[in-house]
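Here is a short note to read alongside the structure. Please keep the 3D view open and follow the points in order.

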Amino acid sequence: MRLIRLYKDYEANIPLGRVANFNNNFQSDLLLPPNSQIALQSIAIDSVDPAFTIDASNNELKWNIDEDDDKSFLINTGEYNSANAASLLNFLTEGFNASTGFDMYDGFAPQYLPYYIGMEWFVEIDVPKGSIIDIGYKIGNLYWTAFKYLRIGTNVDISTVDDDRETYELGGIPDYGSLSLEQNIINTKYISRGCGCVRAQGMLMDNNGQGFQQNGNGYIVGLISDGDLNPEDITLTDIKYGIWYSIFDEDSRRYRVIVNGVVSNNADRRPIYTQADPTNDIQEVMINQDEVFFNIYLNGAPQPIVLNTDEGVGLGNEGVVPYNGEKLYPVLVFFSGSDFVSVDNFICTESPYQSGPTVPGDYYPDFGHALQPVPKDANTSLTEVSENNLEFATSGIAEFFGFDDRFNGIYESGPTSITEKTSRDFIFPADKKFNPLYYADSFLVELRNIALDSYDGLKEQRKNVLAYISHSDADGSFNYEVNTPVFVDLHNKKEILLRNLEANLLYGDYSEFAIQSDASMTLLIKEKGE
């Protein structure tokens, strides 16, 4: 029996010097008798933990769903490897969502709004498909939430609601009046984190006889950060963002804005109101391009009134209310009984990445005069967007994420396109595995200049594979030793004079195995029957 140690000098400046390819010349003749056998004994290698530097030269990522409405964001700069790659995927998810939406001010473009309402992005590793990155978006429904997902206060009365009606009325016991917030409904489904919203429409707004206390009448439609709260436990500090619609004096209804539990001054904008009139104002709290907007939709108006910059509200900072990507849950709070306040169309865009659909049907009903999202009805012209594009700043960063090209698209949506994707659910899949999060557990040793009697189902042919190895390189090394060597026949009918031996350690798919220092491999050779 002969022992042969193969050795590889690590050479950082040569591509072949950075992979586990062994090529050793021997200064003596190694004579292999007929019908010899060979086996793997051990391997000792320090593998590379793939790292990539993201800086100002490569951190911009662009996307669009229409060529006239390009979006982009900057990826957090830094050095990324297996230790922090998961956080990088979170950065991507947050970046896509933070860039989703439209300009609520001068550049407001209502033709794009239907494509963005309810949109949410998610970036994840798809393990079944080979540990590749999926970059995708879905669009959540703008709809009522099923009763089973609502937490309903004991003093809330729900009436005239079923799955086939477009009116969702909420009220309370007739003579109820309170300065507290326990009469409420909490939605346990959070809204879409790209461009999500919650809406309500007041159908009855009268004085409740509490002495015109503005904090003791009307209702709040808004968002909280804890969907597990019990209705009786809610206080004003739990309202992250909201619109408070209430009676200021005998003849005046007012809007106020809530930001992080703090109530603003009265808005200059006065509600347009007629009891039970479907053209009454619609109130909306919207997440849009990493900001929170407080919108009032007027019947027949081309765009909403944005309360952020209302001088009466006085938010300051040019009306900018930042949003950090957290999960936010709709809430509707009542301060008066059903004789004084009732609300229709308490609806929201539930995140499409939550478990299970909560509403039936494949269409959107018409929830009044507020701007509507893309219908799901395939017969409508708004079902499809014209294209989906994804562009990385450089080919290097595209390859780091597993994409063959920095340009990905144009992908037309719709069931008749080659991608069979619709604008409601779209994925950009990477072409290769995402190395920083990919720890292999399948390897092989291939001899380059000795024929072996071995076969591989992956290649569906004979291959010179000496060993298939189930191991892990998760600790950044590959130290492997065989307890009982398995010898493979060479089937050499004549003697072989061996002065050079080439062998590679490869991943199970025959891709190169990167190293970061010198490496060694030990082989055993014997005559058959020895």
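**Notes on a predicted model**

1. Start with asparagine 59. Setting aside residues up to four places away in sequence, asparagine 59 touches Ile54, Phe73, Leu74, Ile75, Thr77 and Ala393. Bear in mind that this is a predicted model. Asparagine 59 sits in the loop between β4 (52–54) and β5 (60–64).

2. Is asparagine 59 buried or exposed? Its relative accessible area is 8%. Buried means under 20%, so asparagine 59 counts as buried. One of its contacts can be checked along the chain as well. Threonine 77 is 18 residues away from asparagine 59 in sequence, yet their C-alpha atoms are separated by 6.8 Å.

3. Now look at another loop residue. Serine 264 belongs to the loop between β19 (262–263) and β20 (282–288). Its relative accessibility is 13%, so serine 264 is buried. Leaving out residues up to four places away in sequence, serine 264 touches Arg256, Val257 and Val313.

4. Next, the sheet of 7 strands. The sheet is open, and its order is β11-β14-β23-β16-β17-β18-β19. The pairing is antiparallel. Which strands stand at the edges? They are β11 and β19. Each has a single partner strand, so one side of each is left without a neighbour in the sheet.

5. Take strand β14 (residues 184–187) in this sheet. Which of its residues lie on each side? Asn184 and Ile186 are on one side, and Ile185 and Asn187 are on the other. In a regular strand, side chains alternate between the two faces of the sheet. Both faces of β14 are covered, and all four of these residues are buried.

6. Strand β14 has pairings to trace on the screen. With strand β11 (residues 150–152), β14 pairs in the antiparallel sense over 3 bridges. Here isoleucine 152 has isoleucine 185 of β14 as its bridge partner. Strand β23 (residues 329–334) is also antiparallel to β14, and 3 bridges join them. The bridge partner of asparagine 184 in β23 is valine 333.

7. Further along the sheet, find strand β16 (residues 219–224) and strand β17 (residues 239–249). How many bridges join β16 to β17? There are 6, and the two strands run antiparallel. Isoleucine 224 stands opposite isoleucine 239 in β17.

8. There is also an open sheet of 4 strands, with the order β2-β34-β28-β31 and antiparallel pairing. At its edges stand β2 (21–32) and β31 (465–469). Each has a single partner strand, so one side of each lacks a neighbour in the sheet. From one strand to the next, the twist averages 20°.

9. Look at one pairing in that sheet. Strand β34 (residues 496–507) and β2 pair in the antiparallel sense over 8 bridges. Phenylalanine 22 has alanine 503 as its bridge partner in β34.

10. Finally, the nonpolar cores. The largest has 50 residues, and Ile135 and Phe401 have the most contacts inside it. What does isoleucine 135 contact, apart from neighbours within four places in sequence? Its contacts include Phe96, Trp121, Phe122, Val123 and Leu390. Phe392, Phe403, Phe426, Ile427 and Phe428 are also among them. A second, separate core has 38 residues, including Ile185, Ala200, Tyr219 and Phe340. Ile185 is also one of the buried residues of β14.

Methods. Residues are numbered from 1 along each chain as its sequence is written. This is a predicted model: local features need pLDDT of at least 70, side-chain atom pairs count only at pLDDT 80 or more; totals for chains, interfaces and linings use all residues. Side-chain values use heavy atoms; hydrogens and water are left out. Buried means under 20% relative accessible area, exposed over 50%, partly exposed in between (1.4 Å probe, protein chains only). Contact means heavy atoms within 4.5 Å. Two strands pair if DSSP finds at least two bridges between them. Axes are lines fitted to C-alpha atoms, for helices over the stretch in contact, and angles run from 0 to 180 degrees between N-to-C directions. A nonpolar core is a set of buried Ala, Val, Leu, Ile, Met, Phe, Trp, Tyr and Cys residues joined through side-chain atoms within 4.5 Å.
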